[in-house]
Amino acid sequence: MRRQNLEQETYQRFSVLQRLLHILIAIGFTGLAITGFARAFSSVGIVRALSWFLGGADGIVSLHRFFAVFTYVCVVVHGLWLFYFKIILKGSLTGRGSMLPCKKDLETFLEHVRYFFAQRKEPPSFDRFAYWEKMDYWAFFIGMQTMGITGLFMWFPEFFSSFLPGYFINLAQLLHFYEALMAVIVKMFIHTIVVTLRPEVYPADLSIFTGKVTKEEIIRHHPGEWEAMSASTEGAAVVKKETT
Amino acid sequence: MKTRFLVLALATGAIALSLFALWTVRTPRTEQPLQCLDCHRSRNINTNEGIQSSQAFCYECHKQPDCQRSLGTRKVSLQVESADFRNSRHQYVACIHCHTDVARSPHKSVLGVQCLGCHPVGGDGPVHSEHLRVRCEACHTASPFVERDQPGGPIKLAHVTPDGVPISLAAHKQTDVGNKEFCDRCHHAGNMVGAPAAVLPSKSFLCIVCHYSPLAIGHPMFWAALIIGLIGLAGLICFWFRGSVEAEKVSAHKKLSLGSELVWSKVFSREFFSILKTIFLDVLLQRRILAAGVRRWAIHSLIYYSFLARFLLSVFTLIVQKTSPGSQLALSLIDKNNGFIAATNDVLGLFILVGVLWALLMRFYVKPDYVETKEQDTFALALIGLLTLTGFLAEGMRIYITGIPVDVAASSFVGYLCSRLFALADLGWQTVYGYMWYFHAACWAVFIAYLPFGKLRHIVTTPLSLLINYKKA
């Protein structure tokens with residue numbers, strides 16, 4: 001789908017910190033999923049082999065907690081960066097380049113569905129972040145908080161049951177498991193397929209690793225953003241313009 | 001004919017079997033004491049029922065007021081008040097779970113109580129790895145009397161007071177270990193168990209560069225050193241990011257952004273291998289110093305590799321201790337009297353000392369043209385030399401006052417030589433040891449605090465500049 005003979009003018013889409021955090025979170029999340037499901041399905045044959053390899057039930061718990069802290073530290077760093085961006089760099093967290101969900105996302109979603117069913121000739125005009133990208137982001141960001149809290153309930157049950165009823169620990173166990181199941185399905189299947197196998201980006205959308213998008217990619221995938229960039233040179237996406 | 005053969009065979013078999021049975025019964029079993037539970041039904045002491053019934057079996061005798069044993073002419077009560085024990089932490093543990101060698105004839109404990117079956121050594125709290133030659137119950141039991149029955153043997157609870165009155169230890173009362181007073185049973189001037197006179201703080205995490213240490217900063221001295229060092233480092237980094245890029249006024253962010261972009265593009269490119277080469281040849285193998293001269297490389301390497309090796313060893317120890325506390329490997333690694341650890345640490349310490357002395361010799365007596373000695377060079381060298389020297393002295397004093405037997409102590413050969421020197425005249429080493437420990441620790445605190453300011457800054461800056469200039473290699 002990529003035409004290399006087009007003008008290769010690139011723009012920065014993700015900063016180094018965002019790229020780094022994405023890689024670290026991907027590692028942490030995969031580790032959490034492996035160790036977590038190894039805990040949940042400990043009787044399955046292959047898990048017993050894995051469990052032996054990772055140092056038994058205790059080893060798996062320690063690893064799971066390590067990955068949990070590791071991943072959450074990434075979330076905290078991201079949160080700190082948001083403050084830095086807003087307060088020191090005087091950046092804007094709202095507007096067309098924002099991650100915040102808005103009414104237009106619902107509209108583009110409906111238009112997109114209409115496009116899928118051939119009720120519309122062209123795909124809708126996505127902004128810097130399309131609705132599914134926002135979903136990916138917020139699913140993880142909110143999910144980390146809830147998984148974190150239920151996880152802490154199980155890590156320090158004595159502390160939490162000193163002021164909460166004991167069945168909160170059982171609830172936490174249940175919710176932690178089902179949310180983990182959901183998160184793994186969303187991240188490992190939906191997210192991975194959307195960024196690789198979707199015809200628009202096939203074989204893969206590598207912008208989260210290179211940090212760069214070409215002009216053509218912006219125009220094709222985020223026409224709304226390109227409009228905004230053309231309308232004013234202070235568009236949120238224009239951090240650094242390079243030609244390679 | 002056939003029947004007769006069969007009968008004969010059966011009879012021979014029966015005789016052979018009974019002879020064998022007779023032989024096994026007649027074989028005297030003097031080597032091993034008789035185990036009660038070999039014949040009596042063994043309870044499953046991992047279940048509550050088993051624990052209750054096992055405890056009841058012991059109480060059968062041990063609740064009697066006349067349950068006692070003789071110690072010379074005196075009698076020691078072995079009566080266990082079940083009410084006492086029911087209130088203790090170990091109320092749901094069977095007696096024979098800890099007193100592992102009592103269920104046998106003769107009914108006498110040789111090993112004493114066994115804590116390590118459940119509790120790992122040094123699993124919690126930094127204090128444990130310093131007390132590997134002290135039995136658990138010597139500190140954790142309320143009885144204040146401790147003794148060491150043979151030189152170099154473990155320190156354990158005494159069964160008689162210093163006045164010779166027998167003590168009953170059957171109460172199972174534990175000390176409040178949050179209370180510092182329980183340290184005083186050993187750590188006072190003139191103690192007989194070979195403990196330093198003062199209660200010393202635990203090592204700090206900063207000590208990890210040379211010693212296995214807990215994950216806590218610990219003493220205020222180390223906090224101060226860490227804060228000063230970090231402020232200095234922050235100042236250094238701020239200095240690097242000063243100045244403007246592309247004629248902007250405020251450019252720290254710009255510099256960071258451009259710098260990180262550059263690092264990213266190098267790491268994910270083929271140049272990564274040339275960077276690896278720089279790390280290996282220039283940072284690890286010190287190629288540039290070697291090019292300047294073998295002697296200079298040797299002096300630097302004696303210090304640098306020794307520190308590096310001790311650092312790697314302590315980090316390895318920390319990882320093993322955190323992942324499998326109580327394992328044989330972890331126990332050997334945290335034990336500073338262990339032959340391998342003691343010898344390694346002494347050899348490396350000696351290398352550092354030789355390196356420092358050689359460098360001082362070059363700077364002050366040989367004075368080659370290329371050497372330019374400033375105050376900060378002398379200070380850094382003197383600091384490292386003092387650090388190593390006090391380390392050896394403290395080790396020697398420790399070996400002397402704790403009375404470690406020569407076959408164990410000989411592995412730490414420098415420390416053992418020092419201990420022989422101290423043995424010539426006892427100038428109250430139990431007290432001096434505390435001061436020596438503080439002095440050694442203070443030297444390291446100064447090292448950490450001074451790191452970003454003087455000569456020692458090269459530990460951070462030289463590898464960085466080598467990496468930045470990797471293309472010039």
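**Stop 1: aromatic rings, chain A**

Select Phe153(A), Phe159(A), Phe160(A), Phe163(A), Tyr167(A) and Phe168(A): ring pairs link these residues into a cluster. Rings of Phe, Tyr and Trp (its six-membered ring) pair if their centres lie within 6.5 Å; planes under 30 degrees apart count as stacked, over 60 as edge-to-face and the rest as tilted. The model is predicted: local features need pLDDT of at least 70, side-chain atom pairs count only at pLDDT 80 or more, and totals for chains, interfaces and linings use all residues. Residues are numbered from 1 along each chain as its sequence is written, chains are lettered from A and ligands numbered from 1 in the order in which they are written, and side-chain values use heavy atoms, with hydrogens and water left out.

Over all chains, the structure holds 32 aromatic pairs. Go to Phe177(A) and Tyr178(A), an edge-to-face pair with 5.1 Å centre to centre and 70 degrees between the planes. Colour by accessibility here. Buried means under 20% relative accessible area, exposed over 50%, partly exposed in between (1.4 Å probe, protein chains only). Phe177(A) is partly exposed, at a relative accessible area of 25%. Tyr178(A) counts as exposed, at 52%.

Now jump to chain B for a stacked pair. Trp444(B) and Phe447(B) sit 4.5 Å centre to centre, with 15 degrees between the planes. Both residues lie in helix α17 (residues 429–450) of chain B, three residues apart, so about one helical turn separates them. Trp444(B) and Phe447(B) are buried.

**Stop 2: chain A as a whole**

Show chain A as a cartoon. Chain A has 10 helices and three strands. Helices (H or I, at least four residues) and strands (E, at least two) are DSSP runs, numbered from the N terminus. Along the sequence, the pattern reads β-α-α-α-α-α-α-α-α-β-α-α-β. The C-alpha atoms of chain A fill a box of roughly 60 × 40 × 40 Å, taken along the principal axes. Of the 244 residues in chain A, 34% are buried. Among contacts in chain A between residues at least 6 apart in sequence, 70% join residues at least 24 apart.

**Stop 3: salt bridges**

The structure holds 16 salt bridges over all chains. The rule asks for a side-chain nitrogen of Lys or Arg within 4 Å of a carboxyl oxygen of Asp or Glu.

Select Lys134(A) and Asp105(A). Their side chains meet in a salt bridge at 3.0 Å, N to O. This pair links distant parts of the chain: Lys134(A) is in helix α5 (residues 131–155) and Asp105(A) in helix α4 (residues 103–116) of chain A, 29 residues apart. Both Lys134(A) and Asp105(A) are buried.

Next, pick Lys187(A) and Asp136(A), a salt bridge at 3.7 Å, N to O. Lys187(A) lies in helix α7 (residues 167–196) of chain A and Asp136(A) in helix α5 of chain A, so this pair ties together parts 51 residues apart in sequence. Lys187(A) and Asp136(A) are both buried.

Move to chain B. Arg287(B) forms a salt bridge with Asp282(B), with the closest N and O atoms 3.1 Å apart. Arg287(B) is partly exposed, at 33% relative accessibility. Asp282(B) is buried, with a relative accessible area of 3%. Then select Glu130(B), Lys203(B) and Lys336(B): salt bridges that share partners join these residues into one network.

**Stop 4: Thr278(B)**

Centre on Thr278(B), in helix α9 (residues 271–284) of chain B. Thr278(B) counts as buried because its relative accessibility is 1%. A polar atom of its side chain lies 2.9 Å from the backbone oxygen of Ser274(B). Leaving aside neighbours within four places in sequence, Thr278(B) is in contact with Val283(B), Leu466(B), Leu467(B) and Tyr470(B).

**Stop 5: where the chains meet**

Show both chains together. The contact takes five residues from chain B and nine residues from chain A. The area buried between the two chains is about 740 Å², and carbon and sulfur atoms give 59% of this area. Buried area is the accessible area (1.4 Å probe) that two parts lose on being put together, summed over both. Select His253(B), Glu261(B) and Trp264(B): these residues supply 74% of the area that chain B buries against chain A, more than any other three residues.

Finish on the interface's one salt bridge. Glu261(B) and Arg19(A) meet there through their side chains, at 2.8 Å, N to O.

Technical notes:
Polar contact = N/O pair within 3.5 Å; in protein donor to acceptor, adjacent residues only side chain to side chain. Contact = heavy atoms within 4.5 Å.
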